[in-house]
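Here's a protein chain with a ligand to look through. Let's walk it piece by piece, with the cut-offs spelled out as they come up.

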Amino acid sequence: MAAVADRTLEEIRDKVVAGERLGLDDGLALLESDDLLALGELADLARRVRGGDDRVFFVQNLYLNQTNVCRVKCKFCAFAATQKQEKAYTITPDELVEDAVAQHELVPFTEIHMVNGENPHVDFGFYLDTIAKLHEALPDVHLKCYTASEIHHMTTLSGLAHEQVLRELKETGLGSLPGGGAEIFADRVRRLVAPGKECPDIWFHVHDTAHRLGIPTHCTMLYGHVETYEERIDHLLRLRDQQDRTGGFLAFVPLAFHPENTVFERRGFTFQTGAEDLKMLAVSRLVLDNVAHVKAYWISLTMPIAQVALHFGADDVQGTLVREEIFRAAGGTTGTEQKLEELVRVVRAAGRVPVERDTLYNELRRWDP
Ligand code: SF4
């Protein structure tokens, strides 16, 4: 059996070196392989064959969640609340801006990453007002805000089409979209974990529209719950097809599911192991051959695994994340803030060259050996 698996990895290596695309069967063979170190080496090879070098990127960023009130009730979510719950909150645009400006005086972040619940008690003006005020107060900070699900939510609040919502947000100061809301695209999984969430066609339509309007976006996958390996590869292939069409994904972020404080904890689900996380990163790099960057999101992985991930196809450790609520609500035990010096130290210790980037991957600072 081992010989068959090894031979499959050899065949896949030949494809990677020849610049051939990997298919569903290749992806499954990779996920089913237990040869973790070979997977890492193969993913690193793919990264280099496709133009990657020793640079590892990170951004100084601030995470904001303006409201946790959400109508959707995804089963994996420990963050959302109904309006009546004690933990529910909605921050006004003015309060949010005041807080962001105060944080910026302490840490010179270049990006705000903001995602929220789908709050039915606000209107589209709330979002426009927020972006306008943030942009006015911090004009040099890139605003990476609102998942595809939230953009779709704004269309239901306003009666506007995706294109019109995105155009107005862009004109107001929005820079890009984060990749959340993708979860796992397969219908079977979505029915089980997020029955109230928009269908994948809508997620893709929002990203497609954003790319065509010149708004870059990010893409994600939430893995490690009820999905099969086949459904994971199907997810990656759908993202790859979209990237072929519009080319607007800046980076892919595989997100390990955290079960704490969700119904899955009561059903006995546990955290992913480091080996599974590294395997998923490697396979993402190998299959997604047209997305330039794969992120090792240290908040979800822990910093030691994120560091090892730099040899499993990842070339980005995300950011300094001055604050993060969503993974913490689901039992994330890492801190939510990483000092720039510590990120540099971790990347260097992995034998790579740390590069501070902006959201669009322009180099701002490099720490040569
Ligand atoms: S994942 Fe997002 S959409 Fe789903 S319940 Fe949580 S906040 Fe709402």
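His 113 sits opposite Lys 144 in strand β4. Strands here are DSSP runs of E with at least two residues, helices are runs of H or I with at least four residues, and both are numbered from the N terminus. The two strands involved, β3 and β4, pair in the parallel sense over four bridges; for two strands to count as paired, DSSP has to find at least two bridges between them. Strand β4 (residues 142-145) is covered on both faces: His 142 and Lys 144 on one side, Leu 143 and Cys 145 on the other, and all are buried. Buried means under 20% relative accessible area, exposed means over 50%, and partly exposed is in between, with a 1.4 Å probe and protein chains only.

A word on provenance: this is a predicted model, local features need pLDDT of at least 70, side-chain atom pairs count only at pLDDT 80 or more, and totals for chains, interfaces and linings use all residues. Residues are numbered from 1 along each chain as its sequence is written, and side-chain values use heavy atoms, with hydrogens and water left out.

There's another sheet to look at, an open one of three strands in the order β5-β6-β7, with parallel pairing. Its edge strands are β5 (217-223) and β7 (293-294), each pairing on one side only. Strand β6 (residues 249-256) pairs with β7 in the parallel sense over two bridges, and Ala 251 has His 293 in β7 as its bridge partner.

Now zoom out. The protein chain carries 16 helices and ten strands, and 58% of its 369 residues count as buried. Among contacts with a separation of 6 or more, 76% come from residues 24 or more positions apart, a contact being heavy atoms within 4.5 Å. The accessible surface comes to about 14900 Å², and 51% of that belongs to carbon and sulfur atoms; the areas come from the Shrake-Rupley method with a 1.4 Å probe, and for residues only the protein chains shown count as cover.

What surrounds the ligand? The shell is made of Cys 70, Val 72, Lys 73, Cys 74, Phe 76, Cys 77, Ala 80, Gly 117 and Lys 197, where a residue is near a molecule or strand if one of its heavy atoms lies within 4 Å of it. By class, that's six nonpolar, one polar and two charged residues. The classes put Ala, Val, Leu, Ile, Met, Phe, Trp, Tyr, Cys and Pro under nonpolar, Asp, Glu, Lys and Arg under charged, and the others, Gly among them, under polar.

On to the charges. Side chains of opposite charge can pair when their charged atoms come close. A salt bridge here is a side-chain nitrogen of Lys or Arg within 4 Å of a carboxyl oxygen of Asp or Glu, and the count comes to 30 salt bridges. One of them joins Lys 15 to Asp 26, with the closest N and O atoms 2.8 Å apart. Lys 15 lies in helix α1 (residues 2-18) and Asp 26 in helix α2 (residues 24-32), so the pair ties together parts that are eleven residues apart in sequence. Lys 15 is partly exposed at 24% relative accessible area, while Asp 26 is buried at 12%.

Glu 118 and Arg 71 also meet in a salt bridge (2.8 Å, N to O). Glu 118 is in the loop between β3 (111-114) and α5 (124-137) and Arg 71 in the loop between β2 (61-64) and α4 (93-106), so this pair ties together parts that are 47 residues apart in sequence. Glu 118 is buried, at 3% relative accessibility, whereas Arg 71 is partly exposed at 37%.

Then there's Arg 345 with Glu 342, whose closest N and O atoms are 3.0 Å apart. Both lie in helix α16 (residues 340-349), three residues apart, about one turn of the helix. Elsewhere, salt bridges that share partners join Asp 44, Arg 47, Arg 48, Asp 54 and Arg 352 into one network.

Last, check the backbone. Most residues other than glycine have a negative phi, and most peptide bonds are trans. Glu 183 isn't a glycine, yet has a positive phi of about 50°; this residue lies in the loop between α7 (162-172) and α8 (187-193) and is buried at 7% relative accessibility. Thr 302 has a positive phi too, near 85°. Thr 302 lies in the loop between α13 (298-301) and α14 (303-309) and is partly exposed at 28%.
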